[in-house]
Amino acid sequence: MENNKNSAREDFKIIGNWDKQSNALKEKFPQLTMADLKFEQGKESEMLTRVQDRLNKGREEVINIIKKGQPEQGKAQ
């Protein structure tokens, strides 16, 4: 079971236009700052931790919130 948690952390990737997605998240959750949503390729974990802390939500919940705003894989945004 622990391997599933680790692979979920490693498999999460931002896809699509992050600027557009982060603006939508900021509208939905006004307590988020641009610093919370700063994204650097390969540093998804750090961004997730900032958002988790700001929203007081668990990692999986934050991942699900972000994934809802992402385009479906294989489709352009």
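Trainee: Why is Arg50 described as partly exposed?

Mentor: The model is a predicted one, and the description rests on a computed area. Partly exposed is the range between the buried limit, under 20%, and the exposed limit, over 50%. Arg50 falls in that range because its relative accessible area is 30%.

Trainee: In which helix is Arg50 placed, and which residues does Arg50 contact beyond four places in sequence?

Mentor: The place of Arg50 is in helix α3. A contact requires heavy atoms within 4.5 Å. With neighbours within four places in sequence set aside, the partners of Arg50 are Ala35, Asp36, Leu37 and Lys38.

Trainee: What distance separates the C-alpha atoms of Arg50 and Lys38?

Mentor: Lys38 is in contact with Arg50. The two residues stand twelve residues apart along the chain. Their C-alpha atoms are separated by 9.3 Å.

Trainee: What is the C-alpha to C-alpha distance between Asp36 and Arg50?

Mentor: Asp36 belongs to the loop between α2 and α3, whereas Arg50 is in helix α3. In sequence, Asp36 and Arg50 are 14 residues apart. In space, from C-alpha to C-alpha, the distance is 5.4 Å.

Trainee: Is Asp36 buried or exposed?

Mentor: Asp36 is in contact with Gln31, Met47, Arg50, Val51 and Arg54, leaving aside neighbours within four places in sequence. Its relative accessibility is 7%. Residues under 20% are classed as buried, so Asp36, at 7%, counts as buried.

Trainee: Is Ala35, by contrast, buried or exposed?

Mentor: Ala35 is found in the loop between α2 and α3. Its C-alpha atom is 9.0 Å from that of Met47, a residue twelve places away in sequence. The relative accessibility of Ala35 is 52%. The limit for exposed residues is over 50%, so Ala35 counts as exposed.

Trainee: Which residues does Ser22 touch, apart from those up to four places away in sequence?

Mentor: Ser22 lies in helix α2, which covers residues 18–28. At 2% relative accessibility, Ser22 counts as buried. Once residues up to four places away in sequence are left out, Ser22 touches Met34 and Leu37.

Trainee: Is Asp19 buried or exposed?

Mentor: Asp19 is also found in helix α2, the helix that holds Ser22. Its C-alpha atom is separated by 9.3 Å from that of Lys38, 19 residues away along the chain. With a relative accessible area of 56%, Asp19 is exposed.

Trainee: How many residues form the largest nonpolar core?

Mentor: In soluble globular proteins, nonpolar side chains tend to be buried together. In this model, Trp18, Leu25, Leu32, Val51 and Ile66 touch the most other members of the largest nonpolar core. Helices α2, α3 (44–55) and α4 (59–68) each supply at least two residues of this core. The number of residues in the core is 15.

Trainee: Which residues does Val51 contact beyond four places in sequence?

Mentor: Val51 is a member of the largest nonpolar core. It also takes part in the contact of α3 with α4. Leaving aside neighbours within four places in sequence, the partners of Val51 are Leu32, Asp36, Leu37 and Val62.

Trainee: Why is α3 called roughly perpendicular to α4?

Mentor: The axes of the two helices are 9 Å apart. Angles from 65 to 115 degrees count as roughly perpendicular. Helix α3 is therefore roughly perpendicular to α4, for their packing angle is about 105°.

Trainee: How many residues in the contact of α3 with α4 are nonpolar?

Mentor: From α3 the contact draws on Ser45, Met47, Leu48, Thr49, Val51 and Gln52, and from α4 on Arg59, Val62, Ile63 and Ile66. Three of these residues are polar and one is charged. The number of nonpolar residues is six.

Trainee: What is the phi of Asn56?

Mentor: Asn56 lies in the loop between α3 and α4. It is exposed, with a relative accessible area of 72%. Although Asn56 is not a glycine, its phi is positive, at about 55°.

Trainee: What percentage of the residues in the protein chain is buried?

Mentor: Of the 77 residues, the buried part is 30%.

How values were computed:
Residues numbered from 1 in each chain as written. Predicted model: local features only at pLDDT ≥ 70, side-chain atom pairs only at ≥ 80, totals over all residues. Heavy atoms only, no water. Helix = DSSP H or I, 4+ residues; strand = E, 2+ residues; numbered from the N terminus. Buried < 20%, exposed > 50% of the residue type's maximum accessible area, 1.4 Å probe, protein only. Core = buried A, V, L, I, M, F, W, Y, C linked by side-chain atoms within 4.5 Å. Axes fitted to C-alpha atoms, helices over the stretch in contact; angles between N-to-C directions. Parallel < 35°, antiparallel > 145°, perpendicular 65-115°, else oblique. Nonpolar A, V, L, I, M, F, W, Y, C, P; charged D, E, K, R; others polar.
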